[in-house]
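Subject: Handover of a model and notes on its pockets and core

Dear colleague,

I am passing on the structure below for your own work, and after it you will find my notes on what turned up. Please read them alongside the coordinates.

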Amino acid sequence: MAYILDGLILAVIGVALDRSRWRKARRDRRILCWLMYGYVCCVLAVTLMPFQLPIPGGNRLFLQSVNWIPFRDLRLHYGGAVREVVLNVLMMAPFGFLLPLLKPRQVFSTAAWTFLFSLSIETMQLLYTWSGGPSARSCDVTDLITNTLGGVLGYLLFWLLRPWVERALGRR
């Protein structure tokens with residue numbers, strides 16, 4: 001039930017954005033905005049849903065759940081560590097691909113925006129853990145690094161495909 005409510009909230013936000021900001025845009029830009037919004041909603045569904053109000057103080061040991069050591073899981077050969085790294089890279093690659101389509105950006109700007117998006121997710125996961133709620137998540141510096149790498153790889157894919165993408169969008 002919580003997922004349905006969260007989905008409805010995200011749908012209402014999307015419609016509000018469409019009516020206020022995207023409606024005046026050209027058709028191709030509006031489609032790109034909806035693609036990016038849908039992608040961000042999918043990432044939020046995987047990383048933060050069900051949404052909860054992070055009420056501080058429910059878990060005083062929350063900082064002990066944070067992984068501050070980059071690639072610790074890989075170095076210690078934890079099960080699923082390689083899979084998690086690959087999935088984090090793949091999860092953020094569309095962000096790095098779509099962002100320069102919405103507004104021209106260089107690779108460093110795309111990396112910075114990807115880093116900030118990932119940092120906001122990791123921060124919310126930390127707050128969820130702090131609140132001691134039912135959907136506590138883990139905050140991991142490796143996720144931050146691999147998500148940012150995914151955004152950069154997505155940008156590089158955009159850069160390689162740029163002539164075809166811009167032709168398809170009618171920008172050339």
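Which helix gives the most to the lining of the second largest pocket? H4 does, with 4 residues, where helices are DSSP runs of H or I with at least four residues, numbered from the N terminus. Please bear in mind that this is a predicted model, in which local features need pLDDT of at least 70 and side-chain atom pairs count only at pLDDT 80 or more, while totals for chains, interfaces and linings use all residues. Residues are numbered from 1 along each chain as its sequence is written, and side-chain values use heavy atoms, with hydrogens and water left out.

The second largest pocket has a volume of about 270 Å³, and of the 13 residues that line it, Val-46, Thr-47, Glu-84, Asn-88 and Asp-143 are the closest to its centre. A pocket here is an open set of points on a 1 Å grid over the protein atoms alone, where a 1.4 Å probe fits, with protein on both sides within 12 Å along at least five of seven lines, and lining residues have an atom within 4 Å of a point. The volume is the space filled by probe spheres set on the points, which are joined across faces, edges and corners.

The largest pocket holds about 540 Å³ of space, and among its 17 lining residues Arg-21, Trp-22, Met-36, Leu-99 and Leu-102 are the closest to the centre. Its lining divides into 13 nonpolar, no polar and 4 charged residues (nonpolar: Ala, Val, Leu, Ile, Met, Phe, Trp, Tyr, Cys and Pro; charged: Asp, Glu, Lys and Arg; polar: the others, Gly among them). The largest share of that lining, 5 residues, comes from H2.

Met-36 also belongs to the largest nonpolar core, where, of 26 residues, Met-36, Tyr-39, Leu-98, Leu-101 and Phe-117 touch the most other members; such a core is a set of buried Ala, Val, Leu, Ile, Met, Phe, Trp, Tyr and Cys residues joined through side-chain atoms within 4.5 Å.

Finally, Ser-118, in helix H5 (residues 107-131), is buried, with a relative accessible area of 0% (buried means under 20%, exposed over 50%, partly exposed in between, with a 1.4 Å probe and protein chains only). Its side chain is joined to that of Asn-147 by a polar contact of 2.9 Å, that is, a pair of N or O atoms within 3.5 Å, of which one must be able to donate a hydrogen and the other to accept it, residues adjacent in sequence counting only if both atoms are side-chain atoms.

Best regards

Technical notes:
Helix = DSSP H or I, 4+ residues; strand = E, 2+ residues; numbered from the N terminus.
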